[in-house]
Amino acid sequence: MTQPFRLYDRGLVNRNRPLQFSFAGKAYEGFLGDTLASALLANGVHMVGRSFKYHRPRGIVGAGSDDPAGLVQIGKDPRRTDPNTRASEQELYHGLEAVPQNCWPSLGFDVGAVNDLLAGFFPAGFYYKTFMGPPLNWMFFEKHIRAAAGLGTCPEGPDPDRYEAVNRHCDVLVAGGGLAGIAAAYQAARCGARVILAEETAHFGGHLLSMARSDALIKEQPARAWAFDAIDELQKNPDVTVLKRTTAFGYYGHNFVGLWERAADHLSPTQRTPDTIRQRIWRVRAKQVVLATGALERPLVFNQNDRPGVMLAGAVRTFLHRYGVLAGKRAGIFTNNDTAWQTAFDLADAGASVVTVVDTRAEVDATLLRMAAERNIPVRLQSAIVATDGRHRITSADVMPLAPGGTGLTGTPEEVAMDLLATSGGWTPNVALFAQSRGKLSYDADLAGFRPGPSFQAERSAGAANGTTTLADALAEGTEAGLAAAKDAGLKRVRKTSPELSVTIPEGVAVEPIWEVPVLGDFSKSRAFVDLQDDVTTKDLHLAYKEGYRSVEHIKRYTTTGMGTDQGKIANMNAFGVLSGVMDKPIPDVGVTTFRQPFKPVTFGALAGQHVGAHFLPRRTTPMHDWHRRQDAIFEPVGDWIRARTYPRPGESFHQAVQRESKAARTGIGVLDASTLGKIDVRGKDARTFLNRVYTNAWSKLAPGRCRYGFMLGEDGMIIDDGVTACLADDHFHMTTTTGGAARVLGQLEDYLQTEWPDLDVFLTTTTEHWAVVSLCGPKCPDLVKELCTGLPDDPASMPFMSWQNAEVDGIPVRVFRISFTGEMSFEINVPASYGLWLWEKVMEAGQAYDITPYGTEAMHLLRAEKGFVIVGQETDGTVTPLDLRMDWIVNMKKGDFIGKRSLLRSDTCRSDRKQLVGLLTENPKTVLAEGAQVIGNASEPQPPVPMLGWVTSSYYSPNLERSIALALVESGGARMGDVVHVSRSGGKPVAARITETDFLAPAEETA
Amino acid sequence: MFVIPCPYCGERDQSEFTYAGEAHIARPEWDDAMTDEQWAEFVFMRSNPKGVYAERWVHTAGCGKFFNVIRNTATDEILAVYEIGSEPPKVAARLPATPSGEALGSGNDAVKVVASHEEVRS
Amino acid sequence: MNRYSVFSLIREGLRGHSGWKPVWRDAEPKAAYDCVIIGGGGHGLATAYYLAKLHGMTNIAVVEKGWLGGGNSGRNTTIIRSNYLYDESAAIYNHALHLWEGLSRELNFNIMMSHRGVINLAHDDGEMRQLKRRVEANRLNGVDAEWLDAKQVKEFCPILNASPDIRHPVLGGTLQRRGGVNRHDAVCWGYARAADDLGVDIIQQCEVTDIRVEAGAVVGLETTRGSIRTPKVASVAAGHTSVIASMVGLRLPIESHPLQALVSEPIKPIHPCVVMSNAIHVYCSQSDKGELVIGAGIDPYISYTQRGSLDIIEHQMAALVELFPMFSRLRMMRQWGGIVDVCPDASPIISKTPVKGFYVNGGWGTGGWKATPGSGHVFAHTIAKDDPHPIAAPFAIDRFHSGRLVAEHGAAAVAH
Amino acid sequence: MTPPVRRSPLEGRETLADPAGRARLEIRDFPGKLILRGKPDQVRAGVDKALGITLPEKSPETASGSSATLLWLSPDQWMVLTGKGEEAGVQHALAQALSGAHHQIADVTDYYTILALSGPRAREILMKLTMLDLHERAFKAGEVRGTLLMHTQAVLYQSGGDGAEGGPVFDIIVRWSMADYLWCLIAECGREFGLPEQVPVSGERLVV
């Protein structure tokens, strides 16, 4: 296969490594080192897609991340296809398959292009003015608008590739691997600094790679040779990290910078292994940052400037020198500054015919005129291109003289045939990262662009990013920046190492801005595009202002300029320029839109890193977890924990299993893994005072060996946690908390100790996971405890309720707590976690004789509900006090102050008609209320809004009471014992239920 | 993500810390005469200033100690750290400056451009 | 003002769009107004519109320090729903939803109200209980709400990861069909245009530097564009509520946090609705332009920088990929931050204050957008009558004294 | 009757080693662990008396004696590492020596598990999980720091020097219930250096 536009005497591509690829179903050949864009251009393909709104043909415009137009979909594997990929950034690999976007049925013939014919009726913001209905409302039109919008298509997923994030600290981070960046990194490293150098493309050298080797020399050698040597030296330095294919995408607070490395996108899927990292985020904390991110060229804005084949002059030069590709063979140049002239010269020297150089300026440097003459290039000064032709690629352009002052046209248009039009409107320093760092921009009239002004963070700009326009200055500035950065990072100053650089071609820009090239004829018929992706024309900007949108931010949003996937890298400066004319204000007064992170779009998967799938979040499990799994238990997530919920036997339903477990716990022996409960060791002579202040009840008299239940409140008086605390010694306590509350409670207690009560002699240490907890429940469990434990009374049942003792199991020390969350005879055996599974298995073994039944959290919830015990987070929701639970006995208002005490006295908090916890017994004992159902007064639902008296917090069918039971928070519930209320249900008539006490196990007369 | 200089462990990433709210809000001694309004001042009302602000952080993943930080909430610059119970030191800060209402370093988007290389008031 | 319609579009299309008039006048501040509203966001502009339209107060101004809709209005993820737990919340958010439904036609400005449905996912037993409680309460409050089991959720949003083996499997969820998204800029511009048409002065680039109070009553304010005399000042400066309140010596139960959001590159339609998950911290929809619009979490600390931390975004992406594995290869195109004024009970303050003539509307946390029309409507009433609208009354400041909070976060209602 | 068996949270996990020697991940065999809390001037003498160790009093200091190693965790908090099964004896000795002083000693031997990550690439692996600066000039042998390893807190103790053959050794002290998460995550981050993929325990039935 031949590549008609390929040159064989220049470029970094490897001509010995041809690569086959396809675009739009057609097969092509490129070389290793190509981007998709350079390979397509080498094959004469310019048109690659359609624009967002008008579906106009779009071609390759730029040579890097600034290209707004050259977007394609890469890859046919539905799990690996990548939409909206920039052809000028996608490196070529063997077998690459690319397809055009936003066109149907084909790129050449696109039905959507009808929009372009109707463009006159679709100005900026047209959709705000219609589609309001009736008869047809927005929901009708939205379908069609959505279908027409969007660009590429989403992969099907899941993503087969791997990503990761890595953290790094460094003295100096250098963003940009051009001459200035290399010089900065080189100098900083020479100072002994820890350096990270990140270059966006596959090659270091930046602008040096976009010019002929001999154009820039250091010590009689091509400057790029010096640059490559510097990179080699840096790569050998263990304190330097040199990254290519890596973009600094986000400059965040405190000098934290995100880098995005495309580690494998240049490899074909077959070249990747399951271990390959596709992309990597480098999370860099830098003492100093050097921004050497270069400058972005902007196109000229003129009528019909959007045809494929109309490219940035600098990009044409880059394709020529970096890739050895002629973007066209009959080239026209359209410029308002010096730089594009070199593109003309280089094209001519490479064998292309340059049919014209059109310059809007009246006078240009004589050297340029001489060099053009030497090459027989026709030059038209003080002229402009006013129209172009060519359906899928430019075929000709109309050139006309500009009236003096450049405000109008004169004479008649002359048509010039061409297959390439390289334009340049000047260069804008790439200040995106600087702006993200929250420095302020300042307008530089010589550049007609913004450059870095006052810095905010520890950063400095160098080279073209700083508005510098010659290579020698860039080299010197980069070196100086590296030196200063190293010094500010605290490294000792060493001798500067900056070589002499000479450039053999004209440099400088000498731009004379012409933001809007005058239009020939009816302005309203012109199509001068500012944003080539979102189809924003100068007309749209004029219209937005005319319609009263004065702020540049409003105009951006109204016209969508700069809101495409390139975020207006080349469009924004032109837009500001056009607006300064429209508003008749200097550009600084027009202002700029915000430069937001990321500098360019970053893959979601890369940002998620390695923390996906199995590694998404921790799954905390108890020492007995393996046993539960072996029983094929059903589990539930409780915060980070995965707890066994129930243990269905073969053929048993979830409900049946829970019923069986609950029954067994009151008739035989049930055993529960309660290891997840929070545990805090409290020690110090002021421990009791401390407990008195953090719990609502009194702790002064709790004797060693005894336990007590307590509520903790927030200062707002609402319950935040509960648990049993045991007295180990007079100054030593073992506190327990809820599973989910453990960390929060410890944090709050430390807060009070460190901040409010530093005078208290109390230390806290969490021991939650040191202890595995086996909770035995049921009338027969004293016998089992007696069998297992030594060191307890002959009859463990004689241990007083709410007491604890040390004991041993096979010589392993344990703590045995005689406490109960079920109302049933119950013991909790605490053993060091490493023995947890052993103890559990031992209990199951010994328990066989008693027909022991393991039960999970669901039965535990049911059992405690039978007894009317509350669960914080189920009966409470952050709006409930102990008084609301009608547990006044646990609130000691007579003792001193405690957390939340004062809030209990607030006018609303002490209302007697607040929602209070009660039991509910349905009239039909078989009917189980829905948890979350609302309690209402009427037997039938009136029209909304229906007054709600309260809601059902817990509801079960009780196997022990052989009827349904429920707990509910009901207005004035305490005063309504025996009342019948109604509980609403979706799709059914309300269920009648009688209000009762909450302890369903208590003798019946109590609840009557 | 801030770099927070823990008084006990040195500079660490913010992810190791937990924010603990406004500093120097002393819990009132019990007083039967205290009104609901006075109590609400302690429980709910906050100064929430734009500018110099004394706040508390706790080094959750490190030493577990609470300490005070003075931060400029208009720019997120940390201006001082000091131990619980000690007096806040005097600090200088780039304060919000009208007419933009924003100090250099504020993320607020009111003014992003200076006309020339003029210094922005600090 | 021009009447917008498909016919006006065609007429203007035929004459090169030469006839469009400005959406609002670029008004100069007058020496005195009957009321000045601080903050030109959705809530402030809606307040001005309803003051002029329903209460005849047309000699009023909206002063905005930047550009209209440049604060949280232009930064939120535009999710509209009213399925809140408590009666007070359901009342105001449902009031807002009713107004949203007719707003494009009322303002003659297409706000692109898309009732595509909002799903709140449940991932564990506790969430099931809370969301079912919410559905029941919603139904009795006349808020459309349905419970969907896991299968129905998957049917409504087929791109969800419904695998039972993920860390937080989807067990079910609630659906509010009338919920959805709209176009934030359009809402601000539409209200501004309609208010301007009723005579309201809309003054941008005008920052309030002080509020003058005499004998406990507001008499005027100082701005970067001069002094203004007025007996009534209404703060609707979301993100700076405490700053404005401090000008009259008022402390509020508000803390201002960074909240971030982001959009992907535009892709063809893939996401049919709005999905919100509390446990996994995701809320995601797709804009008409094709961008996925994703809300991230709030940073824990106070900040006025409108900037958040990258790690918040990273956690957000991990959660998103867990719930929508197919999004892994899409790209984050733009991220930004706003400032959310958060109240301890995750409910707003719409209130008179101890300072006569000073009114506060703020503290909406992460959930203010959906309330915009309702908030402006009841706040206008409160200002005009100097007496709280019944729907606004429960949101008065004094609830923090009495303890009568509207604890939506206590009820784990995601407030976005 | 089954005799008592101790199990670690990583029961069934085998030592992971890169054939090329770049990284190695293993489990420490139940070293004893105590938390000691107290004000330095109140416990300094007692610690010296009981253990013959000079109390480390600031970050990131550690100190070792014949019977134990003390890791500084906080101005009033230390972790005491002992040999397997020796924690009770050390706790007793400390309690004796500190009687009278306001202090706290808690046995946390089973609260924590210790993973050891070693090898020339150990630092790079850990830097995928912690924001600490692990450069050899910033984190030296014998230093300890509490930090966050992605979603779990952990104490990093560099128990082996860089000069040593095979690079640094990091003892990673992590809660029981987080050990498997961290084990698998470290292995995942070590895949580019030859550690094999490890899948966390998962797949429980969470849906009824």
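A salt bridge is a side-chain nitrogen of Lys or Arg within 4 Å of a carboxyl oxygen of Asp or Glu. One such bridge joins A:Glu858 and A:Arg645, whose closest N and O atoms are 3.1 Å apart. A:Glu858 lies in helix H22 (residues 857–867) of chain A and A:Arg645 in strand E34 (residues 641–646) of chain A, so the bridge ties together parts that are 213 residues apart in sequence. Helices (H or I, at least four residues) and strands (E, at least two) are DSSP runs, numbered from the N terminus. A:Glu858 is buried, with a relative accessible area of 11%, and A:Arg645 is buried at 9%. Buried means under 20% relative accessible area, exposed over 50%, and partly exposed in between (1.4 Å probe, protein chains only).

The model is predicted: local features need pLDDT of at least 70 and side-chain atom pairs count only at pLDDT 80 or more, whereas totals for chains, interfaces and linings use all residues. Residues are numbered from 1 along each chain as its sequence is written, chains are lettered from A and ligands numbered from 1 in the order in which they are written, and side-chain values use heavy atoms, with hydrogens and water left out.

Over all chains, the structure holds 120 salt bridges. In one of them, A:Asp306 is joined to A:Arg58, with the closest N and O atoms 2.7 Å apart. This pair also links distant parts of the chain, 248 residues apart: A:Asp306 is in the loop between strand E16 (295–297) and strand E17 (310–312), and A:Arg58 is in strand E4 (residues 57–59). A:Asp306 counts as buried at 4% relative accessibility, as does A:Arg58 at 2%.

A further bridge, between A:Glu841 and A:Arg630, has its closest N and O atoms 3.2 Å apart. Here helix H21 (residues 836–847), which holds A:Glu841, is linked to helix H16 (residues 625–630), which holds A:Arg630; the two residues are 211 residues apart. A:Glu841 counts as partly exposed, at 24% relative accessibility, and A:Arg630 is exposed, at 52%. Salt bridges also form a network, whose members include A:Arg80, A:Asp82, A:Asp265 and C:Arg329.

The next topic is the nonpolar interior. A nonpolar core is a set of buried Ala, Val, Leu, Ile, Met, Phe, Trp, Tyr and Cys residues joined through side-chain atoms within 4.5 Å. The largest such core has 119 residues, and among those touching the most other members are A:Leu173, A:Leu259, C:Ile37 and C:Trp100. Not counting residues up to four places away in sequence, A:Leu259 touches residues including A:Leu173, A:Ile196, A:Phe249 and A:Trp282; contact means heavy atoms within 4.5 Å. Another core, of 63 residues, lies apart from the largest one and includes A:Ala42 and A:Phe529.

Aromatic rings complete the picture. Rings of Phe, Tyr and Trp (its six-membered ring) pair if their centres lie within 6.5 Å; planes under 30 degrees apart count as stacked, over 60 as edge-to-face and the rest as tilted. The whole structure contains 50 aromatic pairs over all chains. A:Phe131 and A:Trp138 form a tilted pair, 6.1 Å centre to centre with 40° between the planes, and both residues are buried. The rings of A:Tyr443 and A:Phe450 have their centres 5.4 Å apart and their planes at 70°, so this pair is edge-to-face. A:Tyr443 is buried at 18%, and A:Phe450 is buried at 3%.
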